[in-house]
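Dear colleague,

I am passing a structure on to you, and I would be grateful if you could look through it before reading my notes below.

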Amino acid sequence: MSLDSRHLLPPSTREHPPGWWAMVCLIITEGALFAYFLFSYFYLASMAPQWPPNHLPELKLAGPNTVILIASSFVMWWAERGIKAGQQMRLRIGLLITALMGIVFLVIQSREYAGLKFTASSHAYGSLFITITAFHFAHVVVGVLMMLTTQVRAWLGHFTERHHLAVTNTALYWHFVDIVWIFVFASLYLSPRIWGHT
Amino acid sequence: MATTAPYAAPTAETAERLDEIWHTPHTLYGRLATVDHKIIGIRYLVTSFVFLVLGGLEAAVMRAQLAQPNLHLLSAEAYNQIFTMHGTTMIIWYAAPILSGFSNYLWPLLFGSRDMALPRINALSYWLFLFSGIFLYSSVLVGQMPDRGWFAYAPMTELQYSPALNMDFYALGILFITISTTVGSINFLVTMLKMRAPGMSINRMPIMAWSTATISLMALFALPSLSAACIFLFFDRRLAMHFFDSAQGGSPLLWQHLFWIFGHPWVYIVVLPAMGMASMMIPTFCRRPLAGYGYVVMSTIMTGLIGFGVWVHHMFATGLPPMALSFFSAASLTIVIPSAVTVFAWIATLWDSKPVMRTPMLFLLGFVLLFVIGGVSGVMTAALPFDWQLTDTYFVVAHIHYVLIGINLFPVIAAVYYWFPKMTGRMMDERLGRWNFWVMFIGFNLGFFPMHISGMLGMPRRIYTYSGGLGWDAVNLVTSIGAYVFAVGVLLFFINVIRSRRSGAIAGDNPWDASTLEWSVSSPPPEYNFLVIPTVRSRDPLWEDRLGLPERSSVREGPTLTEGRETLATTPLDAELARVLHMPEDTLIPLSLALATLVLFYGLLLRAWWLAGLAVLGLYVVINIWLWPKAHEPLSEEG
């Protein structure tokens, strides 16, 4: 068997590897989970005599926080473009800034929790609000941890223009976490301002 | 194209080299660390059958209790636990995993690949399945088995009505197994997209691949609904939240919506792959390709889609607005159409052929008949007025058993008879097989058909005993006798499996003279599956001569890939060569992850938050070890 068959194969770099597809599938099912959470929110909202039960959630912290999270997606995109062009430093710096923005989001979100006038066991609204945002919070934590590992690997020079699936997958996941937040924010913070009833 | 490339003919040396590369040692380490899809597939099958037996024993106890009026073998509480465990076990720990077992074993062989796309995920999904079952059944040890029915309606499941651990085992156990099913489904989808042999474009995929891929995609959308429901339930119970608590703005109906958004697609998840297997076996015994391949594929996908639009038909009696009910009633009647298309495709395949009446074919014909009966009682209950009359009676119990045993267990047993020779190299006993079929078939109909009648006579489901003189006595006695006859039939099946494994006739590569790729390799297949990666040019690669097809697939010549654990990846639609994939070695990582998950769930169950936190930390460490590139491996194409 001297013939190495791989040389016979036309190299195709455009084709996504299995790991990429696996991440896409994971995002689909995670996205569905959040969709069911939000379905539950609107379902109970539609039956409540008063929604939210006390007063509207404030935008003072959540508004800027949303901007930070969405902006971090663009930094992540910039970093990924960097490695596609073979620019190691751009990748490292971009990943670092994205992770820091993620951490800032978590800190601000924690302050938001500290200032809430209800708890998860006050009423169904509280259960939904806390559960949905806490699950999102956990997803941001996972995203930051992924970036930590990817960051270390970036400094070790594991990635090249063609070999950087871990970066691509981290970026995919991060964009997903950000897009979910847009839906969560729109549902929990904005929709009661439009359809809320007292 | 690659077929014109000058591949050297494989030699004995090639086989030896591949054996060396793909061999899993028969040591303790090898057994725990293996990522071989064939071993994992067989483990899935054996474990699912263990759950079938457990669920069956629970059913046997119930039928003893109900054989006559006023029996008190079981207390009401014990009966609640037994029927809940029966339903939960059969529907979630048997019916879906058994089909995953077949798909795990068969897919790479059907596709001409050396393994699944994600072998470690494959091992992980098995370990999670096993441990979730152990977790559920550990409730027996403390005498606190789930006891509120397999669909666990709120508010009966809330802490104030169920203060012990029973429903915690339920909520967490189900959450646990959804992780297994989810990662398994992802693996099937990626394998379907990437791992088909060159030339196996999607219009040449075996039907079974279509059905398992459809249900895998369905699972990605359906399971999160169940997960959300179980998360809410656990939070309600143990973190004092109020999702299902109507006093605090929650709603018990939220549980029902979430449960059935999952539940009805799940019915198709546990029957479509079985129908897919039938669509592969029936042509073999009819000696002709499946009639209407395209129609069967389309109706499989349509069933998957419409399956998401019918969940409210489980809630017709909950007082929802009439407009909603009419919509869901109509959708439920619509879903009959794709199923009927598939049945007609089978009939068309049978029509005018001379079917070879071996045991698998007997089970398949039995299955088609039971499918029609179960389908008709389904149409009946899809009609609103009829459902209002019969919901929560034994009529519904009869329907679900005709569907699940008829469309899941019968084709599953046919599939074991059919693929057993491939898995073990030996045929199953034909004479015992016929006994097996007739005892099961007669026992089944004797046991479950009368349930339609007891339902119409008004017998509610789930009562633990009943008084005499209601006209239910005779019909229940017949049901119990039938159930035991049926159990004897299942026992004959297990006897046949165990005996044939040791002393069955030697099978050879292709005992049924079938048309798909798994029959082109030895029985049992070598660890590397294919000596050369085949090139596929038609739907029936092994029947091209007989059918006089102009195309010629190549199963004896092609790339051998002897540089390491390697196989080919192809493009999702046309299956053109994309790249050589480096496949992972055996590893303990999947087992470690599953063990850490088990610890996590016990931590949650016992509310030992420190233990759960420790388990999460363990998961984090192991995942990082997994994803870290190995020092001795070159950076792979993907990494």
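Residues are numbered from 1 along each chain as its sequence is written, while chains are lettered from A and ligands numbered from 1 in the order in which they are written. Please bear in mind that this is a predicted model, in which local features need pLDDT of at least 70 and side-chain atom pairs count only at pLDDT 80 or more, whereas totals for chains, interfaces and linings use all residues.

To start with the two chains, 42 residues of chain A are in contact with 55 residues of chain B, contact meaning that the C-beta atoms of two residues, placed from the backbone, lie within 7 Å. On the side of chain A that touches chain B, helix 1 (18–47), helix 4 (124–155) and helix 5 (165–195) each supply at least two residues, and helix 1 of chain A gives the most, with 16 residues. Helices (H or I, at least four residues) and strands (E, at least two) are DSSP runs, numbered from the N terminus.

Within chain B, helix 15 (residues 394–424) and helix 16 (residues 430–456) pack at an angle of about 165°, with their axes 8 Å apart; the axes are lines fitted to C-alpha atoms over the stretch in contact, and angles run from 0 to 180 degrees between N-to-C directions. That makes helix 15 of chain B roughly antiparallel to helix 16 of chain B, a term used for angles over 145 degrees.

Chain B also holds a hairpin, formed by strand 1 and strand 2 with six residues between them. Strand 1 (residues 566–570) of chain B pairs with strand 2 (residues 577–582) of chain B in the antiparallel sense over five bridges, where pairing requires that DSSP finds at least two bridges. Five of the five residues of strand 1 of chain B are buried, so this strand is largely enclosed by the rest of the structure.

Ala575(B) has a positive phi of about 55° and is buried, with 26 other C-beta atoms within 10 Å, whereas Asp352(B), with phi near 70°, counts as exposed, with 8 C-beta neighbours inside 10 Å. Buried means 20 or more other C-beta atoms within 10 Å, exposed 12 or fewer, and partly exposed in between, with C-beta atoms placed from the backbone. The peptide bond from Trp51(A) to Pro52(A) is cis, with omega near -10°, and another cis bond joins Ala154(B) and Pro155(B), with omega about 0°.

With best wishes

Methods: Angles under 35 degrees count as roughly parallel, over 145 as roughly antiparallel, 65 to 115 as roughly perpendicular and the rest as oblique.
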